[in-house]
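Have the viewer open as you read.

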Amino acid sequence: MTVQNGVGGDLLARGVKLRQLALLVAIERSGQLSRAAGIMHMTQPAASRMLADLERLFGTALTQRHSRGVSLTPAGERLAERARSILRDLDLAGREVQALGRGLVGQVRLGSVSGPSLDLVLPVVRGLERAEPMLRVTIEGDSS
C-alpha cells in the first residue's frame, strides 16, 4: 500500500495491521494473552506471533509477561492508547459512511424571514435534529 507524503506511510509500509492494534487493546483490557486471543477469535499461538511481529515492527517490547498474565510496558500503553483512538475513529467512519449510503446523513439549508416564521421553524428544526442527529440544519434568516 502506498501512502502519500508520509501520512501513516512509514508504519503502513512496514506492515502494521489494524488487527495487531486491536490485539494490543484486547491484551490491555484482559490482562492475559489467551483471553485476548479469544476476544480476537484466534488461537493463543497465533496471537503470540502477531504480538511478536508488532514488537518487531516497533523495535521495542510492548508487553511484559508475569505469573498473573501480561501487562503493557510504557511503550505498549502509549501504543494501546493511540490504537483505541484509531479503532474508534475507524468505527465512527464506518457508521458515517453507512449512514450516508442509507441517506441518513446530510445537510438542510432553510431560508426564512425573521420574526414570526422563525417561531414556527425553530421547533420543527429542533425536533428534526433530535430525530436525525447526523443531519445538519442551517437556517438563514433575513428580513422580507
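Accessible areas here come from the Shrake-Rupley method with a 1.4 Å probe; for residues, only the protein chains shown count as cover. On that basis the protein chain exposes about 9800 Å², and carbon and sulfur atoms supply 54% of it.

Some ground rules: this is a predicted model, where local features need pLDDT of at least 70, side-chain atom pairs count only at pLDDT 80 or more, and totals for chains, interfaces and linings use all residues. Residues are numbered from 1 along each chain as its sequence is written, and side-chain values use heavy atoms, with hydrogens and water left out.

How does the overall shape look? The radius of gyration (over C-alpha atoms) is 24 Å, while a compact globule of 144 residues would be near 15 Å, going by 2.2 Å times the number of residues to the power 0.38. The C-alpha atoms fill a box of roughly 75 × 35 × 30 Å along the principal axes. Buried residues, those under 20% relative accessible area, make up 26% of the chain.

Now the salt bridges (a side-chain nitrogen of Lys or Arg within 4 Å of a carboxyl oxygen of Asp or Glu): the whole structure has four, including these:

| Pair | N to O distance |
|---|---|
| R84 and E28 | 2.4 Å |
| D53 and R56 | 2.3 Å |
| R95 and D91 | 2.2 Å |

R84 sits in helix α5 (residues 74-101) and E28 in helix α2 (residues 18-30), so their bridge ties together parts 56 residues apart in sequence. Helices are DSSP runs of H or I with at least four residues, numbered from the N terminus. R95 and D91, by contrast, both lie in helix α5, four residues apart.

Definitions and conventions: Buried means under 20% relative accessible area, exposed over 50%, partly exposed in between (1.4 Å probe, protein chains only). Helices (H or I, at least four residues) and strands (E, at least two) are DSSP runs, numbered from the N terminus.
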